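Please prepare a briefing on the structure shown below.

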Amino acid sequence: MKKNLAAGVLIAALLMLNSCSADKAVDSTANVSGDKKSSGSVFAMDTYMTITAYGNNGKKGIEAAQKEITRLEKLWSVTDENSEIYAINHSSGAEVPVSAETEELLKFAIDMHGKTNGALDITLYPVLRAWGFTTGEYRVPDDGEISELLERKGADKITVDNGKVSVPEKTEIDLGAIAKGCAGDAAARALKEQGVTSALLDLGGNIQTIGDAKPDGTKWKVGIRDPFGDGSIGTLTVGECAVITSGGYERFFEQDGVIYKHILDPETGRPAESGLASVTIIGSEGRMCDALSTSLYVMGLDDACAYWRDNGDFDMILVTDDGGVYVTDGIAERFASNSEDVTVVER
Ligand code: AMP
Ligand code: MG
């Protein structure tokens, strides 16, 4: 049971119109006060993505970006029997040859597993499946089942070397926490290669921008979703960057009056109860922002702030379960909040 049925219906309707094909997915091109604006959409990685590009090369750029996203989805899908991740998950411990992109992303994920003290763990797939988060057939597994499944986890058990990957027999990978951010980086590169210098990519709420501003000189304005409702908690004004949010509201189910959310604490194998309702990361690389949005959500407010102080190089907006908003000082002046309860986090 996904929260927003209306959104699901809308996505389904758009899907029918668009037939998901990257090749024919450029939707429209228009001239707005002399600035040509093209937009296109694609359904990939379980989400509806839209790209808006300005300038004469927009259409070509969008087509290239859509192809890139579709190509990466084919490599990283857990359900597509031809994907590299599917091959690894069904390898019974044998070595699997992988593309350079997959090798690089797995190495990144293993590195981030260490840096986040295990909060980001791409090997939770068996546990996520037991909860039904991968299938929509939701259930609450019992303690014994969870602890048995947790024995299979551990991104540090993945071996990646020279284009070959191996995992212990029952360990399985799910790139859901980082694939969209990484696909956004690749899509942005594809747009730039076609000469696009101003564009906005919305990958299911993950925003990535190209260029410091729109051609008319206005900066990008990104609404930050209210985790407790359909509105926004404020608006962030940015140049070229990624703005990526993780929140329990994105996927959850309710059983016997208890709400179970899709981001798991790898320590317990249960939905993370860290006191955070959403985490937005702002930085230059989508992949890194995506990895951090998930893992800092697991860590909770204090550890997330400590991680930020130690690692720098990004900004964040945290919303706590009681509605408090915490904004790091690098973006505090660029965030117009709708809430009175804002704390600026300093180094
Ligand atoms: P995101 O929306 O980027 O935060 O990614 C959430 C998705 O990542 C979930 O739907 C799961 O597929 C997966 N996931 C959940 N918990 C974790 C975790 N602690 N580490 C890595 N992936 C996770
Ligand atoms: Mg993420």
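I146 is buried, because its relative accessible area is 2% and buried means under 20%, exposed over 50% and partly exposed in between, with a 1.4 Å probe and protein chains only as cover. The place of I146 is in helix α6, residues 143-150; helices (H or I, at least four residues) and strands (E, at least two) are DSSP runs, numbered from the N terminus. The model is predicted, so local features need pLDDT of at least 70 and side-chain atom pairs count only at pLDDT 80 or more, whereas totals for chains, interfaces and linings use all residues. Residues are numbered from 1 along each chain as its sequence is written, chains are lettered from A and ligands numbered from 1 in the order in which they are written, and side-chain values use heavy atoms, with hydrogens and water left out.

**Surroundings of I146**

- Not counting residues up to four places away in sequence, I146 touches W131, P141, T268, G269 and R270, where contact means heavy atoms within 4.5 Å.
- I146 and A109 are 37 residues apart in sequence, and their C-alpha atoms are 23 Å apart in space.

**Ligand 1**

- Ligand 1 is surrounded by 17 residues, and the closest are D174, S246, H262, L264 and T294; a residue counts as near if one of its heavy atoms lies within 4 Å.
- The shell around ligand 1 divides into nine nonpolar, four polar and four charged residues. In this division Ala, Val, Leu, Ile, Met, Phe, Trp, Tyr, Cys and Pro count as nonpolar, Asp, Glu, Lys and Arg as charged, and the others, Gly among them, as polar.
- Helix α8 (residues 286-299) gives the most to this shell, with three residues.
- A polar side-chain atom of T294 lies 2.7 Å from an oxygen atom of ligand 1, and a polar side-chain atom of D174 lies 2.9 Å from an oxygen atom of ligand 1. A polar contact is a pair of N or O atoms within 3.5 Å; within protein, one must be able to donate a hydrogen and the other to accept it, and residues adjacent in sequence count only if both atoms are side-chain atoms.
- The backbone of A119 also takes part, with an N or O atom 3.0 Å from a nitrogen atom of ligand 1.
- On its own, ligand 1 has 500 Å² of accessible area, of which the protein covers 91%. Accessible areas come from the Shrake-Rupley method with a 1.4 Å probe, and for residues only the protein chains shown count as cover.

**The magnesium ion (ligand 2)**

- Which protein donors does the magnesium ion have? They are A177 (O), D290 (O), D290 (OD) and T294 (OG1), lying 2.1 to 2.4 Å from the ion. Donors are N, O and S atoms within 2.8 Å of the metal (3.2 Å for Na, K and Ca); water is not among the atoms, so sites may look incomplete.
- Along the chain, the donors follow the spacing A-x112-D-x3-T.
- A177 lies in the loop between β6 (164-166) and α7 (179-193) and T294 in helix α8, so the pair ties together parts that are 117 residues apart in sequence.
- A177 counts as buried because its relative accessibility is 17%, and T294 counts as buried at 13%.

- L120 is found in the loop between α4 and α5 and counts as buried at 3% relative accessibility.
- The C-alpha atoms of L120 and S295 are separated by 4.9 Å, although these residues are 175 residues apart along the chain.
- Leaving aside neighbours within four places in sequence, L120 is in contact with residues including A177, T294 and S295.
- R287 lies in helix α8 and counts as buried at 14% relative accessibility.
- Beyond neighbours within four places in sequence, the contacts of R287 include E104, F108, I178 and D185.

**Positive phi angles**

- Most residues other than glycine have a negative phi.
- M45 has a positive phi of about 50 degrees although it is not a glycine. M45 lies in the loop between β2 (35-44) and β3 (47-54) and is buried, with a relative accessible area of 15%.
- N117, likewise not a glycine, has a positive phi of about 60 degrees. N117 is found in the loop between α4 (100-115) and α5 (125-131).
- Is N117 buried or exposed? N117 counts as exposed because its relative accessibility is 74%.
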